[in-house]
Amino acid sequence: IGFSDVVEVAYGAEETIRREAEELKEKIEEGQPFMTTSCCPAYVNLAKKHIPELVKYVSSTGSPMHYTAEYAKKKHPGCTTVFIAPCASKKAEGASDANVDFVWTFRELDSVIQGMGIDIDSTMPYTPTETASRDAHNFAKTSGVFTAVKNHIDEASLEGVVIADLHKKNIAMLKGYAKTGKCPGKLVEVMSCPGGCITGPCACSQ
């Protein structure tokens, strides 16, 4: 497998942060009581299938994967994009995105590395040519999205709700927000996995 260049997912996170912050400000100005994040495809699919009344509160901003793939295609026309993540549901999201050619999980990549006998410790170090903010690098952690948006709009008083783990209690809470239109925060960060994306079902802990 040859890589002519590497585009950091942090770029996509930066774009998601910027767009989501702008969307949140617009929604607040329009009088919408709250908005939920949209970067977790498992959550978005849950809302569409089981909490349809919540869908109108879900941000329309794309995920970091979407913007990273879009950027890569523009920067390298004709390239093949491969998104690698600890998230299984990204496969379904990638299948519906014209700019995403393949999605690998961390476990799949780990299997390829082991199967090809690649010794990571002996490989050449790689330094990305593009950098991103601390907020972008923390995006996949619990409260990372809320903190990034809050910092971007520079609103210290912004109140939010952070949901990390879509168990029955949290799903019931989301249903309550949707039914009443009332929420203790203006931005609701929702991630299906406890701890955020970095603790996804296909993560490698070793």
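Cys39 is placed in the loop between β1 (35-36) and α2, where helices (H or I, at least four residues) and strands (E, at least two) are DSSP runs numbered from the N terminus. The structure is a predicted model, in which local features need pLDDT of at least 70 and side-chain atom pairs count only at pLDDT 80 or more, whereas totals for chains, interfaces and linings use all residues. Residues are numbered from 1 along each chain as its sequence is written, and side-chain values use heavy atoms, with hydrogens and water left out.

With a relative accessibility of 7%, Cys39 counts as buried; the term denotes under 20% relative accessible area, while exposed denotes over 50% and partly exposed the range in between (1.4 Å probe, protein chains only). Contact is taken as heavy atoms within 4.5 Å. Once neighbours within four places in sequence are left aside, Cys39 is in contact with Ser63, Pro64, Lys90, Phe139 and Val145.

The protein chain as a whole contains eight helices and five strands. Their order from the N terminus is α-β-α-α-β-α-β-α-α-α-β-α-β. The radius of gyration is 18 Å, close to the 17 Å that the globule rule gives for 206 residues, so the protein chain is as compact as a globular protein of that length. This radius is taken over C-alpha atoms, and the rule is 2.2 Å times the number of residues to the power 0.38. The C-alpha trace spans about 55 × 35 × 30 Å along its principal axes. Among contacts between residues at least 6 apart in sequence, 68% join residues at least 24 apart.

Of the 206 residues, 42% count as buried. A nonpolar core is defined as a set of buried Ala, Val, Leu, Ile, Met, Phe, Trp, Tyr and Cys residues joined through side-chain atoms within 4.5 Å. The largest such core has 20 residues, of which Tyr43, Leu54, Leu166, Leu174 and Val188 touch the most other members. At least two residues of this core are supplied by each of α2 (41-50), β4 (160-164), α8 (168-180) and β5 (187-191). Beyond its neighbours within four places in sequence, Leu174 is in contact with Tyr43, Ile51, Leu54, Ile163, Leu166, Val188 and Val190. Another core, of 16 residues, lies apart from the largest one and includes Ala13, Ile17, Met35 and Leu187.

Several loop residues were also examined. Thr131, in the loop between α5 (106-115) and α6 (134-137), is exposed, with a relative accessible area of 75%. Although Thr131 and Tyr11 are 120 residues apart in sequence, their C-alpha atoms are 7.7 Å apart in space. Ser143 belongs to the loop between α6 and α7 (144-153) and is partly exposed at 29% relative accessible area. Its phi is positive, at about 75 degrees, although Ser143 is not a glycine. A positive phi, near 125 degrees, is likewise found for Asp165, a residue other than glycine. Asp165 lies in the loop between β4 and α8 and is partly exposed, its relative accessible area being 26%.
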